Amino acid sequence: MNSQFDVIVFGATSFVGQILAQYLSDKFNHEGQESLNWAIAGRSQTKLDEVKAKIQQPNLTTLIADAQDEVAIKAMCDQARVIISTVGPYALYGETLVKVCAESGTDYCDLTGEVQWINRMLLKYEDAAKASGAHIVHCSGFDSIPSDMGVYFTQKAAQKSFGEYCNTIAMRVKAAKGGASGGTIASMLNITEEVMKDPALRKDLVNPYLICPKDHGFKTRQFDTRKPTFDKTFNGWTAPFIMAAINTRVVFRSNALADNPYGTDFKYDEAMLVGKGFKGRLTATAIVAGLGAFFIGAAIKPTRWVLENYVLPKPGEGPSPKEQVEGYYDIRFAGKTPSGKEIRTKVIGQGDPGYGSTSQMLGQVGACLALDTDLLADKEGGFWTTSTLLGDRLIERLEKDAQLKFEVIS
């Protein structure tokens, strides 16, 4: 596709959009760096101009488009190889852009963690993306790159060391530090509201293979940490990891799409490590109780109103610049092969997971789509995951310019 821009950041005035714009400004087009012809887009010229001033890019091109205006969205897509979308909740504002990208052959990535919305987009637009050649890549931030690429890295290491893939992998969040994000909270509240309006959606949300192709053939029962659980493999207590609901679904879709899949009996689960002994159990119990109270409160209109207006961060709000820089995460993977061989790996990232690190990951996915054209030459259009479309090249980019590290421990 011969387009004016390699990348357009749509939603550049959002909280994460501004961080992403700063990241692209810092990492591209300086001496010794890759060249990336990029622009920003949104619905307010005044706010776009403020972003340009903030990142000290006075000559950066701006485009005006509203998320619901299909004509304006199409005009924007016609000018780009890749659209990076930061406009969420995606279930409320994301469909028009995915539709246009899928139909026009424009590559696309975002940072959604809304599995119910991804499923709807697959059902509506995957055929169009395959026909046009568009590569659609959801979940290109903390949801779900550390999980998806971590499993991919672990499986490659297992294949290299043992000559076989793991048929069981457990992911545990060993440590993480980051501020609460208004956009993520808004997405969670929206999912809760959707379930209240359509109880049948609850059945979809508990299906581990919801976003796998219809012919996936997976029947293996998956484990889901919902209560305080002692993990013998990691020798500690675990609590539910709220991102597991999207991350595990992405990993299972990768298994279905992979050229060399991990197997129909592949098991994968995620949880948070919270400590040992009585203190660990108490912490796990408190987390379970807190999550339960949040979702119950979100489901009841009066308490939901209080949460939205007085307790939770609002969309557009998030961690301070200091918190974005000082945040981090340490994620561990334990795999076992069918013959009983075991492997341990880790993915560590610097920066607040939901914003500081996410913006770097999202920027590198966009750059990979736009610049690494040789990688995509033999990849047909459709809805992909980061591991199945970008693989080793993305790991190289993440380690070089996004402060991530993938490592075999044992």
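At the start of helix α14, a side-chain oxygen of D352 comes to within 3.2 Å of the backbone nitrogen of G354. This is a predicted model, in which local features need pLDDT of at least 70 and side-chain atom pairs count only at pLDDT 80 or more, while totals for chains, interfaces and linings use all residues. Residues are numbered from 1 along each chain as its sequence is written, and side-chain values use heavy atoms, with hydrogens and water left out. Helices (H or I, at least four residues) and strands (E, at least two) are DSSP runs numbered from the N terminus.

**Helix α14**

- Spanning residues 353–371, α14 has 19 residues and covers 25 Å from its first C-alpha to its last, close to the 27 Å expected at 1.5 Å a residue; that expected span is 1.5 Å times one less than the number of residues.
- At S359, α14 bends by about 35°, the bend being the angle between axes fitted to the seven residues ending there and the seven starting there.
- Most of α14 is covered, with 17 of its 19 residues buried; buried means under 20% relative accessible area, exposed over 50% and partly exposed in between, using a 1.4 Å probe and protein chains only.

- E126 sits in helix α6, residues 115–132, and counts as buried at 18% relative accessibility.
- The E126 side chain makes a polar contact with the side chain of R253 at 3.1 Å; such a contact is a pair of N or O atoms within 3.5 Å, where within protein one must be able to donate a hydrogen and the other to accept it, and residues adjacent in sequence count only if both atoms are side-chain atoms.
- Not counting residues up to four places away in sequence, E126 touches M121, R253 and F383, where contact means heavy atoms within 4.5 Å.
- The axes of α6 and α10 come within 10 Å and cross at roughly 35°; axes are lines fitted to C-alpha atoms, for helices over the stretch in contact, with angles from 0 to 180 degrees between N-to-C directions.
- V115, I118, L122 and E126 of α6 meet I246, R249 and R253 of α10.

- M243 lies in the loop between β9 (236–239) and α10 (244–257), and M243 is buried, with a relative accessible area of 18%.
- M243 and A334 are 91 residues apart in sequence and 18 Å apart in space, C-alpha to C-alpha.

**Helix α5**

- In α5 (residues 95–104), the buried residues are T96, L97, V98, V100, C101 and A102.
- G105 follows α5 and has a positive phi, near 85°.
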